[in-house]
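Me: I would like to go through this model in questions and answers, with the cut-offs stated as the terms come up.

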Amino acid sequence: MTVESTAARKPRRSSGTKRASAKRTPQQQSSEPQLVQLLSPEGERVEHPDFEIDLSPDELRGLYRDMVLTRRFDAEATALQRQGELGLWASLLGQEAAQIGSARALRDDDYVFPTYREHGVAWCRGVDPTNLLGMFRGVNHGGWDPSTNNFHLYTIVIGSQTLHATGYAMGVAKDGADSAVIAYFGDGASSQGDVAESFTFAAVYNAPVVFFCQNNQWAISEPTEKQMRVPLYQRAQGYGFPGVRVDGNDVLACLAVTRSALERARRGEGPMLVEAFTYRMGAHTTSDDPTKYRANEETEAWEAKDPILRLRRYLEREGWADDAYFTALEEESETLGKRVREAVRAMPDPEPLAIFDNVYADGHALVDEERAQFAAYQASFEDSESGSAAGNGSAEEGK
């Protein structure tokens, strides 16, 4: 078992007065966060007494392929935003293992409630990557049918999807189904009241839901040490269900822990909190500049724990992947990048009046009035252009 110690916290200043740092009791010292790890940063297999996994070389290569292609798609989306093709993008760089590992633990009949960064989970659920980009380009409200892949639309409101997941899971239990629900959120979202309420309801109603928190250390510019005084996974104890911290850069550990949590939920044993201890290598979104609030040394230390690199080292050490495999995968990733780039640029603009559709199921007088006003406003531009064109024509005829 690999044990990770929490970093010592420096006393904070308040109004110019020093505050004494809290002393740790023997009980606190004995409850240091235990990190579930099955693959070390050097690519060596590690045994764990509670979580085991036995994957074939084909399955391991599949996980590696998932992570590589997800990262390539993410890099292309970031580049498209920088080129003005997308309004915004939230990168998953560095969190590939947490997403791919947890998503590959799901069954087809399980249901996923994501935030806005779960591009790797979407990939594993069979959502076309190009469908993720329509919302960020501003041409739709989500380009896929959630019921087709059991993958809900991206949720921009922080933390609200955990309530949706809990309610859905309560319904699953009432229906007598043996499927499970998983809700993704970040360490920053864990400070939201919605998440606390979802924990309460899930515990009281024994809902078959797994709360999967990707603790990437930063809630935009706010570090975890300013959000909580205990390890995040230990919060579950206060609600009456278990929590576990897993190495979020270890795809094997994420797969094993999430699979165990989902099986537990399906057996009717209630919710569980999984904290994937990982790191956001890039910016929070493309509108963010992380160099303003975190040190380069911190980022460099996490680069050494790169989730893709460690699995590649393992594959190479065991002789389960050669240069030909990696070269072919690189070519496949470039093909994906090209397809995504071409698809985004070919996306048609939406009909302007479509914004008023589906606001109410049976229509609404105020919406009808606003639609008419907007239609008249749009038509005024057409009248101006027609008048301008007619004026230019007269001018040409008079020459």
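Me: In which loop does Ser179 lie?
Reply: This is a predicted model, where local features need pLDDT of at least 70, side-chain atom pairs count only at pLDDT 80 or more, and totals for chains, interfaces and linings use all residues. Residues are numbered from 1 along each chain as its sequence is written, and side-chain values use heavy atoms, with hydrogens and water left out. Helices (H or I, at least four residues) and strands (E, at least two) are DSSP runs, numbered from the N terminus. On that numbering, Ser179 lies in the loop between H7 and strand S6 (181–186).

Me: Is Ser179 buried or exposed?
Reply: Buried means under 20% relative accessible area, exposed over 50%, and partly exposed in between (1.4 Å probe, protein chains only). The relative accessible area of Ser179 is 8%, so Ser179 is buried.

Me: Which residues is Ser179 in contact with, leaving aside its neighbours within four places in sequence?
Reply: Contact means heavy atoms within 4.5 Å. With those neighbours set aside, the partners of Ser179 are Arg107, Asp109, Asp110, Val172, Pro208 and Arg266.

Me: Why is helix H3 (residues 96–103) described as largely enclosed by the rest of the structure?
Reply: The buried residues of H3 include Glu96, Gln99 and Ser102 as well as Ala97 and Ile100. Helix H3 is largely enclosed because the number of its residues that are buried is 8 of the 8.

Me: How many salt bridges does the structure hold?
Reply: Side chains of opposite charge can pair when their charged atoms come close. A salt bridge here is a side-chain nitrogen of Lys or Arg within 4 Å of a carboxyl oxygen of Asp or Glu. The number of salt bridges in the structure is 21.

Me: How many residues apart are Glu76 and Arg341, which form a salt bridge?
Reply: The closest N and O atoms of Glu76 and Arg341 are 2.8 Å apart. Glu76 is in helix H2 (residues 57–82) and Arg341 in helix H12 (residues 323–345), so the pair links distant parts of the chain, 265 residues apart.

Me: Which of the two, Glu76 or Arg341, counts as buried, and which as partly exposed?
Reply: The relative accessibility of Arg341 is 25%, so Arg341 counts as partly exposed. The value for Glu76 is 5%, so the one that counts as buried is Glu76.

Me: Which residues are linked with Glu76 in a network of salt bridges?
Reply: The network takes in Glu76 and Arg341.

Me: Why are Glu316 and Arg312 separated by about one helical turn?
Reply: Glu316 and Arg312 meet in a salt bridge at 3.1 Å, N to O. Glu316 is partly exposed at 39%, and Arg312 is partly exposed at 28%. The separation is about one helical turn because in helix H11 Glu316 and Arg312 are 4 residues apart.

Me: Over the face of which residue does Arg312 lie?
Reply: A charge sits over a ring if NZ of Lys or CZ of Arg is within 6 Å of the ring centre and within 35 degrees of the ring normal. Arg312 is 3.7 Å from the centre of the ring in question, which belongs to Phe326.

Me: What kind of aromatic pair do Trp144 and Tyr154 form?
Reply: Rings of Phe, Tyr and Trp (its six-membered ring) pair if their centres lie within 6.5 Å; planes under 30 degrees apart count as stacked, over 60 as edge-to-face and the rest as tilted. The structure holds 26 aromatic pairs. The ring centres of Trp144 and Tyr154 are 5.6 Å apart and the planes are at 80°, so this pair is edge-to-face.

Me: Are Trp144 and Tyr154 buried or exposed?
Reply: Trp144 has 10% relative accessibility and counts as buried. Tyr154 has a relative accessible area of 8%, so Tyr154 is likewise buried.
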